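The report that follows describes one protein chain for a reader who works with coordinates.

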Amino acid sequence: MATCDECGAYENLPYQCRRCGQTFCADHRLPENHDCPGLAEWNDPGGVFDSGFDDSVQAESSADAGGIVDRLKRRLARERGTGGIAGYVRGNATYVLLAAMWLTFVAQWAALLVGGTELHSTLFVLRSDALGNVWTWVTSVFSHSPTGLFHIVGNSFVLFFFGPLVERAVGSKRFVGFFLVAGVLAGLGHVLFVLATGGVVGVLGASGATFALLGVLTIWRPNLEVLLFFVVPMKLKYLTWGIAIVSALLVVQSGAGGVGGIAHVAHLIGFAIGLAYGTRNEDLASRAGGSGGIQMGGGRVRGPGGPRGPGGPGGRR
């Protein structure tokens, strides 16, 4: 069982388009019914229904179709689909982002071994005193504290369980864009907030982006059941708003860094971005499933609680 990427309907026997790789119900399985991205590349309307089973028949009229060269072009277009690696990424962007986080984690250790903390900070930490290092605006989203696993593991769990719900609704390309923009804005917002209050800070981590995902689902699926610490069941809206309120109180009480050096402002900015995005695109909520939980095989899939990254160099997020 899967959901249609076009209308969000559940389908017991889903169809997968061989050209774009997405999954569809019976009403949207044909390329022209789901506005397949490959249609723009073919320039061959007659090839839409060419599934390959009637190649022998087409061979007899190859002269009328433009000869063998045109036939080969149609076959290559059919096998190429959306082109290159894009066909594999579509529908799996969540796992691509997860892989990028862990590869960055390995690269962080390599930088520490080769050039020490100075090289590591230059490459991976978004610092208030080095905002000109624009690459860190992005690398800091994927980097995490190299001194422990809890930071990256926490964000990985949130992305793994909740990322596919948002990706299914908005599509892989928009999902990656949303994740990156939310992560960058959360990090920059935290750094600028600290600068405005006269402090110096460096931040790293994907918590701003993962909190944005939780913010979207707080609007779309507020009653989704999750297990806090894999033990305590609660609705997603209580978990996310609870974390947001605690983070806000800690910012007021302890400043931007909060307790343990956690970048609470980045968490709040990411959550606000997610709430705004979810509200603005509430029409896509049905593609992420209903409001009461994901039904698969009669059981309810429950995700973990929100990320609780430890403190970091000025603030981990």
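## Val200 and its surroundings

Leaving aside neighbours within four places in sequence, Val200 is in contact (heavy atoms within 4.5 Å) with Ser128, Asp129 and Val194. The C-alpha atoms of Val200 and Ser128 are separated by 5.8 Å, although the two residues are 72 residues apart along the chain. Val200 is placed in the loop between helix 8 and strand 6 (202-203), where helices (H or I, at least four residues) and strands (E, at least two) are DSSP runs numbered from the N terminus. Val200 counts as exposed because its relative accessible area is 65%; the classes are buried under 20%, exposed over 50% and partly exposed in between, with a 1.4 Å probe and protein chains only.

## Basis of the model

This is a predicted model, in which local features need pLDDT of at least 70 and side-chain atom pairs count only at pLDDT 80 or more, whereas totals for chains, interfaces and linings use all residues. Residues are numbered from 1 along each chain as its sequence is written, and side-chain values use heavy atoms, with hydrogens and water left out.

A straight helix of 32 residues would span 46 Å at 1.5 Å a residue, but helix 5 (residues 93-124) spans only 22 Å between its end C-alpha atoms; the expected span is 1.5 Å times one less than the number of residues. Helix 5 has a kink of about 130°, centred on Gly115, the bend at a residue being the angle between axes fitted to the seven residues ending there and the seven starting there. Buried residues of helix 5 include Ala93, Leu97, Met101, Phe105, His120 and Phe124. Leu112, which also lies in helix 5, is partly exposed, with a relative accessible area of 23%. Not counting residues up to four places away in sequence, Leu112 touches Thr117, His120 and Pro146, and its C-alpha atom is 9.0 Å from that of Pro146, a residue 34 residues apart from it in sequence.

In helix 9, the end C-alpha atoms are 20 Å apart, which agrees with the 20 Å that its 14 residues should span at 1.5 Å a residue. Helix 9 is mostly covered, as 13 of its 14 residues are buried.

## Cores and a buried threonine

A nonpolar core is a set of buried Ala, Val, Leu, Ile, Met, Phe, Trp, Tyr and Cys residues joined through side-chain atoms within 4.5 Å. The largest such core has 51 residues, and those with the most contacts inside it are Leu159, Phe162, Val170, Phe175, Phe179 and Trp220. Among the elements that give two or more residues to this core are helix 5, helix 7 (150-170), helix 9 (207-220) and strand 7 (225-228), while helix 8 gives the most, with nine residues. Apart from this core lies another, of six residues, among them Cys4, Cys20, Cys25 and Cys36.

Thr240, in helix 10 (residues 236-254), counts as buried because its relative accessibility is 3%. Beyond residues up to four places away in sequence, Thr240 touches Leu214, Thr218 and Phe271.

## Whole chain and confidence

The chain has 11 helices and 11 strands, and buried residues make up 47% of its 317 residues. Among contacts between residues at least 6 apart in sequence, 69% join residues at least 24 apart.

The mean pLDDT, the predictor's confidence in each residue from 0 to 100, is 76 for the chain, and 69% of the residues reach 70 or more. Over residues 44-54 the pLDDT is below 50, and beyond near neighbours in sequence this stretch has 17 contacts in the model. Residues 290-314 also have pLDDT below 50, with 73 contacts in the model beyond near neighbours in sequence.
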